[in-house]
Amino acid sequence: MNIVVCVKQVPDTEAPIRIKPDGSGIDEMGLNLVMNYYDEHATEAGLRLKEQFGGTVTLIAAGPERTKEALRTGLAMGADEAMLITGPGLEQSDHLGMARVLAAAIKALPHDLVICGKLSTDDNASIVGPALAELLGLPQATAIAHLEVDASATTALVHREVEGGVEILEVPLPALLTVERSLNEPRYPSLPGIMKAKRKEIKTSTSTDQKVAASSRLTKLVPPPKRQAGRVIEADADKAVAEIVAFLKNDAKVL
Amino acid sequence: MANDVWVVVEHESGQPKKISLELLGRAGQLALALGGKAVAFVPGRDVSAVARALGPYGADIVYTAQDPLLEPYTADAQTQVVGEALRKEQPTLVLIGSTAQGRDYAPRLAARLGAAIVTDCASLEVDNSSLVATRPMYTRKAIGTVMYASEGIRIAVVLPAVYPVPQADPKRTAEVRAMRIPLDAKQIRTKVHEVQAIKRETVPLTEADVIVSGGRGLRGPENFALLDALAKALGAAVGSSRPPVDSGWVPHDYEIGQTGKTVSPQVYLACGISGAPQHLAGMSGSKHIVAINKDPNAPIFQLADLGIVGDLFEILPKLTEAVKKAKGGNRD
Ligand SMILES: Cc1cc2nc3c(=O)[nH]c(=O)nc-3n(C[C@H](O)[C@H](O)[C@H](O)COP(=O)(O)OP(=O)(O)OC[C@H]3O[C@@H](n4cnc5c(N)ncnc54)[C@H](O)[C@@H]3O)c2cc1C
Ligand SMILES: Nc1ncnc2c1ncn2[C@@H]1O[C@H](COP(=O)(O)O)[C@@H](O)[C@H]1O
């Protein structure tokens with residue numbers, strides 16, 4: 001089975017971010033950049049299928065040169081190949097433009113499955129996966145929490161959470177999947193894996209897509225409004241209950 | 001190109017979902033600003049009852065697209081039908097709820113139409129004839145302002161509970177027009193085996209005005225019954241922080257936070273939740289926050305409007321009784 005996994009490099013969510021004073025973006029100085037953690041789950045899904053069916057796992061990322069670090073994480077986990085697409089237009093691109101660039105590259109690769117994360121933890125867009133499915137003409141299943149491919153590798157059975165339930169869906173391959181964190185537990189890169197990944201060549205290509213011009217653009221980034229701490233009360237249970245009920249009635253007006 | 005603002009309506013058992021009514025209210029305001037009409041588009045098997053319900057909430061026109069192939073929902077069928085309708089009518093803006101369905105097909109639709117799309121909008125304004133959205137980014141560590149390009153159809157996937165459900169005006173009716181959009185079974189590549197309902201006595205998280213949420217402080221799965229009882233009395237939904245999910249006390253779809261859901265109810269009641277940044281990422285947009293925690297230094301108190309330092313096991317049962325009493329007795 002030929003599996004392509006889309007990988008984005010993002011700031012580590014564990015650390016705080018610094019918004020540039022002019023609000024044009026975030027300050028990348030000293031920022032720890034890592035593989036988007038949903039993409040770790042996507043990579044893990046790909047590796048497990050490869051272990052089951054044989055074939056290859058190819059990682060693909062679009063972004064600046066530094067993105068190679070995120071690709072190396074995936075190689076160290078056990079992916080076979082990695083590709084980076086760079087290009088001057090990418091900086092200005094919106095998510096649809098990014099999907100177009102990725103689609104052009106993936107079209108040239110054999111692919112039974114294309115796997116993306118459910119969202120990227122910097123943009124929080126959840127656009128690239130389904131947009132890519134459309135551009136590649138593939139059926140899709142998004143935010144899946146369970147994945148089984150049948151023995152003949154022709155269909156995938158997936159679960160996805162919907163409001164108040166779980167949808168159980170059969171998707172014929174080739175297909176595009178986006179994955180939820182509950183799908184699996186990503187493996188840690190092994191030491192030999194890390195050594196191998198260091199030596200591995202990452203193929204780089206330049207996107208010549210002239211149409212990455214964005215149909216939407218980020219004009220300002222600000223910190224979220226700071227919430228004021230309210231009243232903190234230490235009281236016995238009866239007093240506490242009275243306070244909460246009064247709050248629900250008078251302040252929140254839901255009682 | 002019409003200056004109309006569309007809402008793609010989600011519905012269940014012949015009723016529009018709350019999110020769709022919220023969007024319809026906003027569509028009315030934006031249509032006014034843009035000089036167009038508020039249009040509801042209702043795809044489904046038999047949607048006559050849903051269609052009739054939308055006029056009172058502000059739809060000027062209701063388009064229906066009926067086909068048995070539209071139920072159960074699939075991305076393929078939905079993209080095809082909504083896509084064809086939009087191609088034909090060319091509204092300037094389309095509002096879609098940020099739900100399991102909306103997030104699934106909206107980007108696909110945008111790619112098909114080459115339409116601008118912004119997801120998880122927390123506000124949508126017309127500013128000097130440009131359309132501007134704000135949205136949480138960097139797991140809610142920042143709020144981004146995004147400006148749409150002015151040409152073509154624009155798609156906004158809007159978070160639940162950011163706009164109020166408009167007051168229904170029973171005298172108001174909308175013109176209902178049936179659209180015929182051919183759909184071929186072969187176009188639907190995925191097959192829905194079933195949708196297993198997760199049995200819950202309480203409202204879904206994304207539809208709730210009030211959410212009561214439990215954390216590691218609940219100590220075990222059995223104690224979520226305390227939250228269920230309170231939620232039932234309040235008409236609230238039950239959520240959780242991550243540890244109860246990781247420990248298997250509650251299903252994954254309870255999780256609120258960076259890797260879970262983003263919610264913004266009228267009231268969020270956090271019980272036995274410390275207030276880690278990853279949890280706050282999902283709930284700090286709530287209108288009112290109440291926290292019960294036995295540790296006076298719990299970080300959740302730094303953003304709670306009302307913080308109660310106390311033992312949730314003592315407080316919750318009493319609170320449930322008091323809420324029942326305030327609501328005029330136990331009705332079940
Ligand atoms: C990449 C990543 C993503 C994450 N995503 C999420 C996410 O989406 N959502 C999320 O919630 N977490 C997430 N986490 C985990 C997060 O960092 C915290 O570990 C978690 O939120 C803590 O949950 P908690 O508050 O329930 O537990 P704790 O931090 O253990 O707090 C339990 C609280 O209960 C109180 N308590 C105990 N007993 C009682 C009692 N009898 N009465 C009253 N209070 C009591 C304690 O004082 C304490 O404050 C993520 C972590 C990582 C690394
Ligand atoms: N620049 C990129 N390069 C490769 N994959 C990407 C890129 N941006 C997004 N993706 C993929 O699309 C998913 C969703 O990203 P987003 O639409 O930005 O939320 C990610 O988890 C990745 O799998």
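A polar contact here is a pair of N or O atoms within 3.5 Å; within protein, one atom must be able to donate a hydrogen and the other to accept it, and residues adjacent in sequence count only if both atoms are side-chain atoms. By that rule, a backbone N or O atom of Ala62(A) lies 2.8 Å from a nitrogen atom of ligand 2. This is a predicted model, in which local features need pLDDT of at least 70 and side-chain atom pairs count only at pLDDT 80 or more, while totals for chains, interfaces and linings use all residues. Residues are numbered from 1 along each chain as its sequence is written, chains are lettered from A and ligands numbered from 1 in the order in which they are written, and side-chain values use heavy atoms, with hydrogens and water left out.

**Interface of chains A and B**

- In terms of contact (heavy atoms within 4.5 Å), 84 residues of chain B meet 80 residues of chain A.
- The area buried between the two chains, that is, the accessible area (1.4 Å probe) that two parts lose on being put together, summed over both, is about 6900 Å², and carbon and sulfur atoms give 58% of it.
- Arg108(B), Tyr138(B) and Lys141(B) supply 10% of the area that chain B buries against chain A, which is more than any other three residues supply.
- Between chain B and chain A there are 44 residue pairs in polar contact, both residues being at pLDDT 80 or more.
- On the side of chain B that touches chain A, helix α4 (residues 100–113) of chain B gives the most, with nine residues; helices (H or I, at least four residues) and strands (E, at least two) are DSSP runs, numbered from the N terminus.
- The residues on that side of chain B divide into 42 nonpolar, 21 polar and 21 charged, where Ala, Val, Leu, Ile, Met, Phe, Trp, Tyr, Cys and Pro count as nonpolar, Asp, Glu, Lys and Arg as charged, and the others, Gly among them, as polar.
- Strand β13 (residues 231–234) of chain A pairs in the parallel sense with strand β18 (residues 306–309) of chain B over four bridges, pairing being called if DSSP finds at least two bridges between two strands.
- Within this pairing, Ile233(A) has Ile308(B) in β18(B) as its bridge partner.

**Salt bridges**

- A salt bridge is a side-chain nitrogen of Lys or Arg within 4 Å of a carboxyl oxygen of Asp or Glu, and the whole structure holds 31 of them over all chains.
- The count between chain B and chain A is six, and one salt bridge joins the side chains of Asp305(B) and Arg227(A) at 3.2 Å, N to O.
- Inside chain B, the side chains of Asp209(B) and Lys18(B) form a salt bridge at 3.4 Å, N to O.
- Asp209(B) lies in the loop between β13 (191–197) and β14 (210–214) of chain B and Lys18(B) in helix α1 (residues 18–34) of chain B, so the pair ties together parts that are 191 residues apart in sequence.

**Ligands**

- Ligand 1 lies between chains A and B, and of the 28 residues around ligand 1 (a heavy atom within 4 Å), those that come nearest include Arg216(B), Ser241(B) and Asn293(B).
- An oxygen atom of ligand 1 is 2.8 Å from a polar backbone atom of Thr259(B), and a polar side-chain atom of His279(B) lies 2.9 Å from an oxygen atom of ligand 1.
- The side chain of Asp311(B) has an N or O atom 3.0 Å from a nitrogen atom of ligand 1.
- Ligand 2 is surrounded by 19 residues, and Cys6(A), Ser120(A) and Ser126(A) are among the closest.
- An N or O atom in the side chain of Asp39(A) is 2.4 Å from an oxygen atom of ligand 2, whereas Ile127(A) has a polar backbone atom 2.8 Å from an oxygen atom of ligand 2.

**Backbone geometry**

- Most residues other than glycine have a negative phi, and most peptide bonds are trans.
- A cis peptide bond, with omega about 0°, joins Leu173(A) and Pro174(A), and Pro174(A) lies in the loop between β9 (165–172) and β10 (175–179) of chain A.
- Glu71(B) and Pro72(B) are also joined by a cis peptide bond, with omega about 0°, and Pro72(B) is in the loop between β5 (61–66) and α3 (75–89) of chain B.
- Ala153(A), although not a glycine, has a positive phi of about 55° and is found in the loop between β7 (140–149) and β8 (155–162) of chain A.
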